[in-house]
Amino acid sequence: MSANLLTQISSNINTALILHRELADCFWFVYLPGYAMFQEYQYIAESIEQRKLKRYIGSTYGIYIPDTLSDSAEIANHLIGNKNRNQLSSEETQDIIKKCFAAHRDWETNSIQKYQKISLQLFDSVDISSFNFISSLIDDVKKELTFVTDKIIELNCIKFDMPQIVSEQDIWVERYEYLIKDILGKSEKYHHYNSNVDPDSRTTIFNKASN
Ligand SMILES: [Fe+2]
């Protein structure tokens, strides 16, 4: 039962990956590279989390349950549709930014609610190890949600002023380029040194994601 509950979370993260990919597509479309890099970072970080969760399910419960996979997050197609990026007005760009940030906030809000309900069931069935695993995931989603909510408040304050939005892109590119490199980790020469320990400890790139 716990394995099924955790697989529901894994499937939700798979849809989250599509969401972040589509949001990145939208921000590249309107050429806001900083916001696009933020979405690329979330895509990579959450992909690593999803793989870690799947390994945890297998190693804890000894079974394999396939994920439910969605085709689309229904965002990019709706927002971009038949638009041509060479003919976008400032208002159209603003509208895309607004809707992307709102979609991101709504997604994380729903995800937290889902994960909390599942973690309560894990707790009730005294599966404390999995409860703890999911608690740390909930912490990550909460941080992401707070960041996005604060950003929306800031953007509302400046009335989605395009010159200000454009001028902060370089700072965001630098920040997320750094974080992407950081999350992937550096190559280490002697991986086989660790060959006697558990699968997570044998890698550096996956473990980095939980820090
Ligand atoms: Fe996310």
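Here is a short chat about helix packing in this predicted model.

Biologist: How do α1 and α4 run relative to each other, roughly parallel or roughly antiparallel?

Modeller: The axes of α1 (residues 2-29) and α4 (residues 90-124) come within 11 Å and cross at roughly 170 degrees. Angles over 145 degrees count as roughly antiparallel. Therefore α1 and α4 are roughly antiparallel.

Biologist: And how many charged residues does the contact of α1 with α4 have?

Modeller: On the α1 side you'll find Leu5, Ile9, Leu19 and Phe27 among them, and on the α4 side the residues include Trp107, Lys114, Tyr115 and Leu122. By class, that contact has 14 nonpolar and 6 polar residues, and the charged count is 1.

Biologist: How far apart are the end C-alpha atoms of α1?

Modeller: α1 has 28 residues, so at 1.5 Å a residue it should span 40 Å. The distance in the model agrees with that: 41 Å.

Biologist: Which residue just after α1 takes a positive phi?

Modeller: Look just past the end of α1, where phi is about 45 degrees. The residue there is Tyr31.

Biologist: What about α2 and α7, roughly parallel or roughly antiparallel?

Modeller: α2 (residues 33-61) and α7 (residues 169-184) pack with their axes 7 Å apart, at an angle of about 20 degrees. Angles under 35 degrees count as roughly parallel. So α2 and α7 are roughly parallel.

Biologist: How many nonpolar residues are in the contact of α2 with α7?

Modeller: α2 brings residues including Tyr35, Phe38 and Ile44, while α7 brings Trp172, Tyr176 and Ile180, among others. The contact has 2 polar and 3 charged residues, and the nonpolar count is 15.

Note on methods:
Residues are numbered from 1 along each chain as its sequence is written. This is a predicted model: local features need pLDDT of at least 70, side-chain atom pairs count only at pLDDT 80 or more; totals for chains, interfaces and linings use all residues. Axes are lines fitted to C-alpha atoms, for helices over the stretch in contact, and angles run from 0 to 180 degrees between N-to-C directions. Helices (H or I, at least four residues) and strands (E, at least two) are DSSP runs, numbered from the N terminus. Angles under 35 degrees count as roughly parallel, over 145 as roughly antiparallel, 65 to 115 as roughly perpendicular and the rest as oblique. Two residues are in contact if their C-beta atoms, placed from the backbone, lie within 7 Å. Ala, Val, Leu, Ile, Met, Phe, Trp, Tyr, Cys and Pro count as nonpolar, Asp, Glu, Lys and Arg as charged, and the others, Gly among them, as polar. The expected span of a helix is 1.5 Å times one less than its number of residues.
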